[in-house]
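Welcome! Have a look at the structure below, and then let us walk through some of its parts together.

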Amino acid sequence: MGAAGSPVVARVVARRLDAEAVEVALRRRGLLGGQGRALARRLQILCYLVEVQPAYFREFINAKESRGWAWAALAGATLRSVWKLVKGEYLVRRHGLV
């Protein structure tokens, strides 16, 4: 194992891959109990650290009371998640992360 703690994390960092997309693909495949666990843990810690930063307040708290904005945000998040899954599956296969 490298300095990153796991072979998957080391490859993601070395190749500058989209860690969030790779994590989504590994989670969907049910592999987070194994090699992908270190990657998921690092992303959780990163979100924990970022959510207290004032610059990222809007990413975690909805300040507007509007059903239209809520539905639009939900639709956008759904599309973004689908894109991350497709991209993650490609990256996992392309770079042999499993």
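The buried residues of α5 are Lys84, Gly88, Glu89, Leu91 and Val92, where buried means under 20% relative accessible area, taken with a 1.4 Å probe on protein chains only. Please keep in mind that this is a predicted model, in which local features need pLDDT of at least 70, side-chain atom pairs count only at pLDDT 80 or more, and totals for chains, interfaces and linings use all residues. Residues are numbered from 1 along each chain as its sequence is written, and side-chain values use heavy atoms, with hydrogens and water left out.

**Along α5**

Helices here are DSSP runs of H or I with at least four residues, numbered from the N terminus. The buried residues of α5 pack against α2. An α-helix has 3.6 residues a turn, so residues three or four places apart point the same way. How far apart are the end C-alpha atoms of α5? They are 40 Å apart, which agrees with the 40 Å that its 28 residues should span at 1.5 Å a residue; the expected span is 1.5 Å times one less than the number of residues. Just after α5, Gly96 takes a positive phi of about 60 degrees.

Glu89 lies in helix α5 and is buried, with a relative accessible area of 14%. Contact means heavy atoms within 4.5 Å.

| Residue | In contact with (heavy atoms within 4.5 Å) |
|---|---|
| Glu89 | Ala25 and Arg29 |
| Val92 | Val22, Ala25, Leu26, Arg29, Leu97 and Val98 |

**The nonpolar core**

Val92 also belongs to the largest nonpolar core, which has 13 residues. Such a core is a set of buried Ala, Val, Leu, Ile, Met, Phe, Trp, Tyr and Cys residues joined through side-chain atoms within 4.5 Å. Val12, Val22, Leu26, Leu39 and Leu97 join Val92 as the residues with the most contacts inside this core. At least two residues each come from α1 (7-14), α2 (19-28) and α5 (67-94), and α2 gives the largest share, 5 residues.

**The largest pocket**

Which residues lie nearest the centre of the largest pocket? They are Tyr56, Arg58, Glu59, Phe60 and Ile61, out of 21 lining residues. The lining has 12 nonpolar, 2 polar and 7 charged residues. Its largest share, 5 residues, comes from α3, while α2, α3 (37-50), α4 (57-60) and α5 each supply at least two.

A pocket is an open set of points on a 1 Å grid over the protein atoms alone, where a 1.4 Å probe fits, with protein on both sides within 12 Å along at least five of seven lines; lining residues have an atom within 4 Å of a point.

Definitions and conventions
Buried < 20%, exposed > 50% of the residue type's maximum accessible area, 1.4 Å probe, protein only. Nonpolar A, V, L, I, M, F, W, Y, C, P; charged D, E, K, R; others polar.
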